[in-house]
Amino acid sequence: MPSQNQMQSKPQNLSGKVAIVTGGSRGIGANIALGLAHRGAKVAITYTQSKSDAQAKAVVQRILTLGGSAIAIRADLRDPPTANKIVQETIQSFGPHIDILVNNAGVELIKPVQEITPEDFSLVYNLNVRAPILLLKEVLPYLRSPGRIVNMGSVGARQGFKDLSIYCSSKSAIEGLTRSWAAELGRAKHTVNTVNPGPVPSEMLDNIPQDIVDMQKANTPVENRLATLDDIAQIVAWLASKESRWVTGQAISASGGLAMY
Ligand SMILES: NC(=O)c1ccc[n+]([C@@H]2O[C@H](COP(=O)([O-])OP(=O)(O)OC[C@H]3O[C@@H](n4cnc5c(N)ncnc54)[C@H](OP(=O)(O)O)[C@@H]3O)[C@@H](O)[C@H]2O)c1
């Protein structure tokens, strides 16, 4: 996480904005939430497991300590009514508008195609693909122009990784949704973009086969390293700002050049 000095040095260019960050209890989402809050946004983070209660509270506390505003909402995004609950709780705390939606929560599945079951498909697609659709639908009536939608993809959306077909294809789907939503919502000045990280240290990365991560590091032009959480949070913060107004319908490779589009 960024140091207190780093936090205080951020420009307050999101002051007065309200953001929802799904999957904000840990990993990439927690840092995105902190990054937006440090720039002045009020942030609702979501998460799902009771074992993450303390981590979610810690993210909220960190923001409150810095003089910001944050709430944590525990809700399983695979459950369709959750989308409405998240939006209503956000409006009740920070209403009446929402300015930024970051669809970050996601899950990976490592299985050869021969073993994939219908339940596996639902496990991944109901979170990585269906939940952003349902959440955007609930957010739209409250989305203040110019709204910012940022989806979390992966370099896997455009690369083929062994045993990761369900995950990678779910990230291709979010790119497709991003382009169509950008086309639909542009008239209202809303922008919709996807950020495609390469490997980032997190609990999710711990489950990715080491040979894939080693290969990715070796093929990352910038310093042959993994991303830091802040590398990704900076890009999301820019996409959430007014300065990114002329960028929409894009998938931005956030990978130190591992994937070049
Ligand atoms: N890490 C990487 O190398 C990498 C690379 C490319 C793309 N990404 C993408 O970046 C995003 C964040 O990844 P990460 O590495 O930070 O993941 P992570 O450490 O596994 O964190 C996942 C987050 O999503 C939440 N979540 C999981 N299932 C949920 C559900 N059913 N309903 C609501 N929230 C749920 C988790 O909440 P709990 O704490 O309650 O479980 C947690 O906050 C994902 O979309 C991932 O695909 C990650």
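A polar side-chain atom of Lys171 lies 2.9 Å from an oxygen atom of the ligand. Taken alone, the ligand exposes 900 Å², and the protein buries 95% of that (areas by the Shrake-Rupley method with a 1.4 Å probe). This is a predicted model, in which local features need pLDDT of at least 70 and side-chain atom pairs count only at pLDDT 80 or more, while totals for chains, interfaces and linings use all residues. Residues are numbered from 1 along each chain as its sequence is written, and side-chain values use heavy atoms, with hydrogens and water left out.

**Around the ligand**

- The ligand sits in the largest pocket; a pocket is an open set of points on a 1 Å grid over the protein atoms alone, where a 1.4 Å probe fits, with protein on both sides within 12 Å along at least five of seven lines, and sitting in it takes more than half of the molecule's atoms within 2 Å of its grid points.
- In total, 31 residues surround the ligand, the closest being Ser25, Gln49, Ser52, Tyr167 and Ser202; to count, a residue needs a heavy atom within 4 Å.
- Asp76 has an N or O atom in its side chain 2.8 Å from a nitrogen atom of the ligand.
- Ile28 takes part through its backbone, where an N or O atom lies 2.8 Å from an oxygen atom of the ligand.

**Helix α2**

- Helix α2 covers residues 27-38, and its end C-alpha atoms are 17 Å apart, in agreement with the 16 Å that 12 residues should span at 1.5 Å a residue; the expected span is 1.5 Å times one less than the number of residues.
- Helices here are DSSP runs of H or I with at least four residues, and strands are runs of E with at least two, numbered from the N terminus.
- Of the 12 residues in α2, 11 are buried, among them Ile28, Asn31 and His38; buried means under 20% relative accessible area, exposed over 50%, and partly exposed in between, for a 1.4 Å probe and protein chains only.
- Gly40 follows α2 and has a positive phi, near 110 degrees.

**Arg144 and His97**

- Arg144 lies in strand β5 (residues 143-152) and is partly exposed, at 30% relative accessible area.
- His97 belongs to the loop between α4 (82-94) and β4 (98-103) and is also partly exposed, at 31%.
- Although 47 residues separate Arg144 and His97 along the chain, their C-alpha atoms are 5.9 Å apart.
- His97 and Phe121 are 24 residues apart in sequence, yet 34 Å apart in space, C-alpha to C-alpha.

Methods:
Polar contact = N/O pair within 3.5 Å; in protein donor to acceptor, adjacent residues only side chain to side chain. 1 Å grid on protein atoms, 1.4 Å probe; cavity = no way out; pocket = protein on both sides within 12 Å on 5 of 7 lines; lining within 4 Å.
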